[in-house]
Amino acid sequence: MATLSASISISPNPSFTSSHKPSPLFSPPHTLKIPAFAQNPIKSLTLHSTDAPSRASLVVPRAASQSSSSSNNATSFHGLCYVVGDNIDTDQIIPAEYLTLVPSKPAEYEKLGSYALIGLPASYEARFVEPGETKSKYSIVIGGANFGCGSSREHAPVALGAAGTTAVVAESYARIFFRNSVATGEVYPLESEVRICEECRTGDVITIELGESRLINHTTGKDYTLKPIGDAGPVIEAGGIFAYARKAGMIPQQPAA
């Protein structure tokens, strides 16, 4: 099985650079440098693989297909929101018992979505995903502080993405959850300027204008400013860090099946 790791490196240069030229084989290490992510000091992206390109895959990227435009500045999301509180950890997002599911297998990826946020306590009366369903009717998750704390499992953003989540809006994130969201390309992890989780209710109709860094609650009529996603946006839009690196020519394209 391929062994992969991903981290992200900060560069003050607005254009990415590389000290390695693409080769016909996937030979470690290949390093991709991108600018600092707005408001999120995420460090070093180095791609490593001990196996062939056809097996160098972490997940089935999904978030990029949700964009309304190929331009990150024109992307908007619209749908119902699901509101949670502070310190939502990865065991609540996807309990450890479901980590045997392999996201790169389409059937298991879909099944993973059916268990998204299943670990929330009973005080959350509305289920994020209804029993027997694989997709949630809530496409936007709104949380409080320290969203995604706990383990480093990349299954957490993957499960949300598999359930149909396009974006999470939280007051703050656990660093590894934010990084995994960007690396997998599953969801946009957006930060709010205020505690939106205290002003929105599950089922409110929400629009997120990514280019304007704005959230609109159509149910209450209130607008909120979000922190810019910055240069993490194109990585998520591409479908994750490996897709972004292939698109940028930093690693070879995968051969056609």
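Helices α3 and α4 cross in a right-handed way. Keep in mind that this is a predicted model.

**How α3 and α4 sit together**

- Two packed helices are described by the angle between their axes and the distance between the axes.
- For α3, which covers residues 155–162, and α4, which covers residues 175–184, the angle is about 55° and the axes lie 8 Å apart.
- That angle makes α3 and α4 oblique to each other, because anything from 65 to 115 degrees would count as roughly perpendicular and anything under 35 as roughly parallel.

**Who touches whom**

- On the α3 side, the contact uses A156, P157, V158 and L160.
- Across from them, α4 brings in F177, N180, S181 and T184.
- Sorted by type, the residues of this contact come out as 5 nonpolar and 3 polar, with no charged ones.

- C81 isn't part of one: the nearest cysteine sulfur belongs to C200 and is 5.2 Å away, whereas a disulfide needs the two sulfurs within 2.5 Å.
- C81 has a relative accessible area of 0%, so it counts as buried.
- C197 is in no disulfide either, and its nearest cysteine sulfur, again that of C200, is 8.6 Å off.
- With a relative accessible area of 10%, C197 is buried too, because the cut-off for buried is under 20%.

Note on methods:
Residues numbered from 1 in each chain as written. Predicted model: local features only at pLDDT ≥ 70, side-chain atom pairs only at ≥ 80, totals over all residues. Heavy atoms only, no water. Buried < 20%, exposed > 50% of the residue type's maximum accessible area, 1.4 Å probe, protein only. Axes fitted to C-alpha atoms, helices over the stretch in contact; angles between N-to-C directions. Helix = DSSP H or I, 4+ residues; strand = E, 2+ residues; numbered from the N terminus. Parallel < 35°, antiparallel > 145°, perpendicular 65-115°, else oblique. Left-handed = near helix turned anticlockwise from the far one by under 90°. Contact = heavy atoms within 4.5 Å. Nonpolar A, V, L, I, M, F, W, Y, C, P; charged D, E, K, R; others polar.
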